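Visitor: I am new to this one. Could you take me through it while I look?

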Amino acid sequence: MPIAIILALYASRMMGLFIVLPVLALATVGMPGYSPLLLGLAIGVYGLTQAVLQVPLGQLSDRIGRFKIVFIGLLVFALGSWWCAQADSMLELVFGRALQGAGAISSSLLAWVVDLTGEERRARVMAVIGISIGLTFLAALVLGPALMPWRGLAGLFELTAGLALLAALLSCLLPRPAPLRALGAVFSAQRVRDVWHTPGVASSVLGVGLLHAVLMALFLALPAQLVGAGIGPDDHTGLYVVVMLLGALPAFLATGWVEAKHRLIGGQRFAIAGLIGGFALLALGLTEYWMFVLAGGLFFFGFNLLEATLPSLLAKAAPVRDRGTATGLYATIQFFGAFVGGLLGGPLLSVLGPSGLFTALALGGCIWLALRYRTPEPPRHRSRVVAIDLNTFSIESWESKLAAVTGVVEAAVSPAGSVAYLKVSKDALNESELTDLLAQSAR
């Protein structure tokens with residue numbers, strides 16, 4: 001039930017983001033103050049405010065809990081959507097889009113997923129979330145143009161406001177783990193640096209940035225190539241659905257296998273190879289429908305497998321006390337990656353053409369794959385939550401005693417609840433030693 005609710009939160013949030021993208025450029029022509037610059041800002045300022053606020057709000061969720069950040073963020077997003085619906089000029093629309101982005105809940109929501117899922121289920125849950133985001137993207141491409149005649153652009157923003165309010169109500173039904181950082185500064189640059197330098201964090205964060213950069217670059221060039229091959233715009237959505245499903249189902253199965261076999265990095269190498277294969281085929285200047293299906297299937301297999309395993313790798317690497325900070329970094333670079341992919345992909349497309357752009361993306365994938373071959377598999381760690389008695393020992397004593405247990409890699413006690421969050425070695429944990437410590441404190 002909690003995971004189903006989180007999926008609904010992701011879907012409503014992504015629908016609110018994607019549904020206006022197919023129609024925004026056409027619907028704003030003639031709006032007072034219109035210019036290409038303000039149109040670009042109306043599209044991109046959402047991602048900018050998202051990226052700027054992900055880390056501070058992720059850290060704040062470590063301090064006051066995930067629910068408050070997610071609930072308030074959804075209300076802010078709803079307010080921004082309502083403002084956009086009432087906008088009478090481009091400047092008002094840009095402000096509303098910036099306000100939408102200020103409801104930056106991605107890092108807190110991802111940290112909430114990590115809090116609520118065990119190590120064995122986490123990669124599969126991430127795969128399902130990745131697939132749901134992809135399906136929501138496809139649904140938005142269909143619904144945006146279809147609903148425009150209903151109430152125009154204002155109606156789409158009103159719909160997104162309603163979805164955000166519904167999501168806020170649904171978030172009230174989720175379990176609320178006790179926050180781990182009740183004291184201290186809301187934002188700490190030093191803590192961000194410490195988390196970044198934690199082994200495995202930077203690799204995951206930069207990986208998701210690259211992944212979303214190539215996704216944006218793909219959709220800059222692919223539609224024109226499809227039209228050039230005689231596949232009309234009316235047939236694009238059907239093709240996207242086919243390739244998404246063709247790539248998503250094998251990726252979901254592969255995710256479970258690499259997690260069970262402790263081969264996350266090996267799985268990512270395989271996924272990057274899928275991206276390279278898809279780009280290499282597209283670089284050939286395809287003309288047949290089934291070849292586009294094959295190329296798209298390879299790409300979305302790699303995309304979905306990376307979309308699932310990168311956050312799983314991040315969860316294994318992130319310090320227990322700073323999961324919100326780690327997921328904030330992750331979400332920030334994810335949004336910046338999408339921005340950079342569009343920013344650089346456009347000039348490359350104009351200079352190199354679709355085939356040249358896909359060749360460049362394939363070569364970039366080869367460099368990424370080479371770097372991934374230098375990355376070792378992460379240690380076999382998993383998360384544990386244990387009940388403790390704060391009347392027996394102080395928080396500092398508890399953390400020291402728990403960390404001294406054989407196989408406990410990291411221990412963090414919540415000041416707001418009688419629980420301790422542990423990162424333990426899957427192979428070395430001495431269960432009897434941990435049990436004895438907990439039983440001793442209960443006497």
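Visitor: How much space lies in the second largest cavity?

Guide: About 80 Å³ of space lies there. Please bear in mind that this is a predicted model.

Visitor: How many cavities of 30 Å³ or more does the structure hold?

Guide: There are four cavities of that size.

Visitor: Back to the second largest cavity: which residues line it?

Guide: The lining consists of Leu218, Leu222, Leu239, Tyr240, Val243, Leu282, Phe292, Ala295, Gly296, Phe299 and Phe300. By class, ten of these residues are nonpolar, one is polar and none is charged.

Visitor: And which helices supply at least two residues each?

Guide: Those are H9, helix H10 (236-260) and H12. The largest share comes from H12, with five residues.

Visitor: Phe300 is on that list. Is it buried or exposed?

Guide: Phe300 has a relative accessibility of 8%, so it counts as buried. Phe300 lies in helix H12 (residues 289-317), as does Phe303, three residues away, which is about one turn of the helix.

Visitor: Why would three places matter in a helix?

Guide: An α-helix has 3.6 residues a turn, so residues three or four places apart point the same way.

Visitor: What about Phe303, buried or exposed?

Guide: Phe303 is buried, with a relative accessible area of 6%.

Visitor: Let us turn to aromatic pairs. How many does a search of the whole structure find?

Guide: The search finds nine aromatic pairs. One of them is formed by Phe279 and Phe358, whose ring centres are 6.2 Å apart and whose planes meet at 20°, so this pair is stacked.

Visitor: Where do Phe279 and Phe358 lie?

Guide: Phe279 belongs to helix H11 and Phe358 to helix H13, so the pair ties together parts that are 79 residues apart in sequence. Both Phe279 and Phe358 are buried.

Visitor: And what kind of pair do Phe300 and Phe303 form?

Guide: Phe300 and Phe303 form an edge-to-face pair, with 6.3 Å from centre to centre and 75° between the planes.

Visitor: Which residues form one aromatic cluster with Phe279?

Guide: Phe279 forms one aromatic cluster with Phe299, Phe300, Phe303 and Phe358. Two members of this cluster, Phe299 and Phe300, also line the second largest cavity.

Visitor: How many of the lining residues are nonpolar, polar or charged?

Guide: The lining of the second largest pocket has 14 nonpolar and six polar residues, and no charged ones.

Visitor: A change of topic: which residues of helix H14 are buried?

Guide: In H14, residues 395-404, the buried residues are Trp398, Glu399 and Leu402. Seen down the helix axis, the buried residues of H14 fall within an arc of 95°, so they line one face of the helix.

Visitor: And what is exposed on the other side of H14?

Guide: Glu396 and Ala404 are exposed there.

Visitor: What does the charged end of Lys401 sit over?

Guide: The charged end of Lys401 sits over the ring of Phe393, 4.7 Å from the ring centre.

Visitor: Where is Asp427 found?

Guide: Asp427 is in the loop between strand S3 (419-425) and helix H15 (431-442). With a relative accessible area of 57%, Asp427 is exposed. The C-alpha atoms of Asp427 and Gly407 are 7.7 Å apart, and the two residues are 20 residues apart in sequence.

Visitor: Lastly, Leu156 and Leu159. Where is the place of each?

Guide: Leu156 is in helix H7, and Leu159 is in helix H7 (residues 119-171) as well. At 0% relative accessibility, Leu156 counts as buried, whereas Leu159 is partly exposed at 30%.

Visitor: How far is the C-alpha atom of Leu159 from that of Ala85?

Guide: Those C-alpha atoms are separated by 9.4 Å, and the two residues are 74 residues apart along the chain.

How values were computed:
Residues are numbered from 1 along each chain as its sequence is written. This is a predicted model: local features need pLDDT of at least 70, side-chain atom pairs count only at pLDDT 80 or more; totals for chains, interfaces and linings use all residues. Side-chain values use heavy atoms; hydrogens and water are left out. Ala, Val, Leu, Ile, Met, Phe, Trp, Tyr, Cys and Pro count as nonpolar, Asp, Glu, Lys and Arg as charged, and the others, Gly among them, as polar. Buried means under 20% relative accessible area, exposed over 50%, partly exposed in between (1.4 Å probe, protein chains only). Helices (H or I, at least four residues) and strands (E, at least two) are DSSP runs, numbered from the N terminus. The arc is that of the directions from the helix axis to the C-beta atoms. Rings of Phe, Tyr and Trp (its six-membered ring) pair if their centres lie within 6.5 Å; planes under 30 degrees apart count as stacked, over 60 as edge-to-face and the rest as tilted. A charge sits over a ring if NZ of Lys or CZ of Arg is within 6 Å of the ring centre and within 35 degrees of the ring normal. On a 1 Å grid over the protein atoms alone, a cavity is a set of points where a 1.4 Å probe fits but cannot get out, and a pocket is an open set with protein on both sides within 12 Å along at least five of seven lines; lining residues have an atom within 4 Å of a point. Grid points are joined across faces, edges and corners, and a volume is the space filled by probe spheres set on the points.
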